[in-house]
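Biologist: I should like to learn how to read a structural model feature by feature. May we take the features in turn, with the general idea before each case?

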Amino acid sequence: MKTCIRDVVLVVAAMSTAVALAACGQGGGGAGGGSAPKIGLLMPDATTPRWETNDRPLLEKKIKELCHECTVYHANARSDVATQQQQFDSMITKGVNVLVLVAVDARSLGAAVRKAHDAHISVISYDRLAEGPISGFVSFNGEEVGRLQGRSLLKAMGAKAKGGQIVMMNGDPTDPNAIWFKKGALSVLKGKVKIGKSYDTLMWRTEAANMNMSGAIADLGANNIDGVYAANDGLAAGSISALKANKVTPLPPVTGQDADLGAVRRIVDGEQYMTVYKPFPPEASAGAAMAVAAARGESLDRIATGKVRTRTGQEVPAVLLTPISVTVGNIKNILVKDGVYTIRQICTPELRAACDKAGLTG
């Protein structure tokens with residue numbers, strides 16, 4: 001884990017240096033005529049806490065650090081494609097030079113990305129790979145996220161990892177990341193466990209996961225689910241709620257992703273086995289670095305650590321960071337040490353005994 005975190009720090013330091021050098025070069029290329037750059041941030045929803053709690057404020061802060069003169073606009077589509085399309089139009093009207101986009105629906109937003117491109121606006125695809133002529137991509141290695149989840153689930157299942165039955169609660173099939181997570185997980189799980197039920201969850205809705213898990217319990221039997229692959233913490237929450245409502249005891253191990261505070265508390269309490277932590281500051285730093293470079297008309301290749309190929313075959317500069325698996329045993333050394341949460345935030349009075357047992361208090 002220390003190596004992963006060190007590598008992330010080194011990557012971000014290199015990116016910051018590259019942007020600083022770019023700022024000393026052909027200033028104002030993207031903004032045109034030396035005018036102050038305008039950067040728009042388009043967030044997808046308010047359902048997943050990370051977008052408004054972590055990513056947006058971190059992106060704004062880093063952009064301002066790299067570009068004092070930049071004006072930053074932001075909008076949240078609240079899970080609605082039509083709203084995000086309207087927000088594209090609004091940003092174009094505002095005359096932004098760059099859009100940092102987390103697409104609600106990658107395919108449906110392809111035309112909007114094309115419209116921005118035709119208006120000479122660079123689109124940086126953030127966390128989710130959007131369709132259309134994007135200029136750059138910043139995210140985590142999606143298949144590795146799935147592999148981490150799959151490996152953790154097998155470890156938690158113990159002897160039942162050979163031939164046991166699981167339910168897969170996958171993400172939104174319109175989200176390219178969900179496809180990568182699923183692919184990575186299956187590369188680990190296939191041939192080892194029986195997949196009793198597998199669901200794709202539109203819009204990553206917690207309530208849909210709850211409904212689907214209730215259906216899986218009815219079809220498979222309360223005592224015949226040995227593990228649950230949940231692609232993120234919201235799906236984990238919905239699945240666990242259904243398991244508890246149907247009095248499934250003991251709870252099978254459940255995976256997650258995003259290190260939401262609620263998930264961390266569930267892990268301490270023994271209801272969720274793990275989550276995948278994707279350090280928000282490095283991702284936001286990379287996104288901000290690409291946005292500022294694009295706004296100044298500089299090449300993103302100086303920031304990128306590689307390339308990704310879009311569905312249309314276009315190769316774009318990319319930064320893919322390393323995800324980290326978090327279980328009860330390393331919450332303190334990873335999430336608390338990184339400043340994501342304090343012990344006080346995690347350890348509510350109801351969790352005092354569990355926190356003591358986990359070594360988080362005392």
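Biologist: Is arginine 78 buried or exposed?

Modeller: Please bear in mind that this is a predicted model. A residue counts as exposed when its relative accessible area is over 50%. Arginine 78 has a relative accessibility of 59%, so it counts as exposed. Its place is in the loop between E2 and H3.

Biologist: Which residues are joined by a cis peptide bond?

Modeller: In general, most peptide bonds are trans. Here a cis bond joins threonine 249 and proline 250, with omega about -10°. Proline 250 is located in the loop between H8 and helix H9 (261–269).

Biologist: What is methionine 169 in contact with, leaving aside its neighbours within four places in sequence?

Modeller: With those neighbours left aside, the contacts of methionine 169 include Tyr199, Thr201, Ala209, Met213, Tyr229 and Leu235. Methionine 169 also has a bridge partner in E8, namely alanine 230.

Biologist: In what order do the strands of the open sheet with three strands stand?

Modeller: The order is E7-E6-E8, and the pairing is parallel. Strand E7 (194–200) and E8 stand at the edges; each has a single partner strand, so one side of each is left without a neighbour in the sheet. On average, neighbouring strands of this sheet are turned by 15° against each other, direction ignored. Between E6 and E8 the parallel pairing runs over four bridges. H5 packs on the sheet and touches E6 and E8, and its direction makes about 165° with that of E8.

Biologist: What span should the 16 residues of H5 have?

Modeller: At 1.5 Å a residue, H5 should span 22 Å; its end C-alpha atoms are 23 Å apart, which agrees. Among the buried residues of H5 are Val145, Leu148, Gly150, Leu153, Leu154 and Met157. What covers the buried residues of H5 includes strand E5 (136–140), E6, H6, E8, strand E9 (275–277) and strand E12 (324–326). At the start of H5, a side-chain oxygen of asparagine 141 comes within 3.3 Å of the backbone nitrogen of glutamate 143. Just after H5, glycine 158 has a positive phi of about 60°.

Biologist: How is the open sheet of seven strands arranged?

Modeller: Its order is E2-E1-E3-E4-E5-E11-E10, with mixed pairing. Strand E2 (71–76) and strand E10 (306–309) stand at the edges, each with a single partner strand, so one side of each is left without a neighbour in the sheet. From one strand to the next, the twist averages 25°. Strand E4 (residues 122–126) pairs with E5 in the parallel sense over three bridges; the bridge partner of isoleucine 124 in E5 is glycine 136. Helix H3 (residues 81–94) packs on this sheet, touching E1, E2 and strand E3 (98–101).

Biologist: Finally, is leucine 59 buried or exposed?

Modeller: Leucine 59 is buried, with a relative accessible area of 0%, and is found in helix H2 (residues 50–66). Leaving aside its neighbours within four places in sequence, its contacts include Leu41, Met43, Val100, Tyr126 and Ala284. Proline 49, by comparison, is partly exposed, with a relative accessible area of 40%; its place is in the loop between strand E1 (38–43) and H2.

Key. Residues numbered from 1 in each chain as written. Predicted model: local features only at pLDDT ≥ 70, side-chain atom pairs only at ≥ 80, totals over all residues. Heavy atoms only, no water. Contact = heavy atoms within 4.5 Å. Helix = DSSP H or I, 4+ residues; strand = E, 2+ residues; numbered from the N terminus. Buried < 20%, exposed > 50% of the residue type's maximum accessible area, 1.4 Å probe, protein only. Pairing = 2+ DSSP bridges. Axes fitted to C-alpha atoms, helices over the stretch in contact; angles between N-to-C directions. Expected span 1.5 Å × (residues − 1). Polar contact = N/O pair within 3.5 Å; in protein donor to acceptor, adjacent residues only side chain to side chain.
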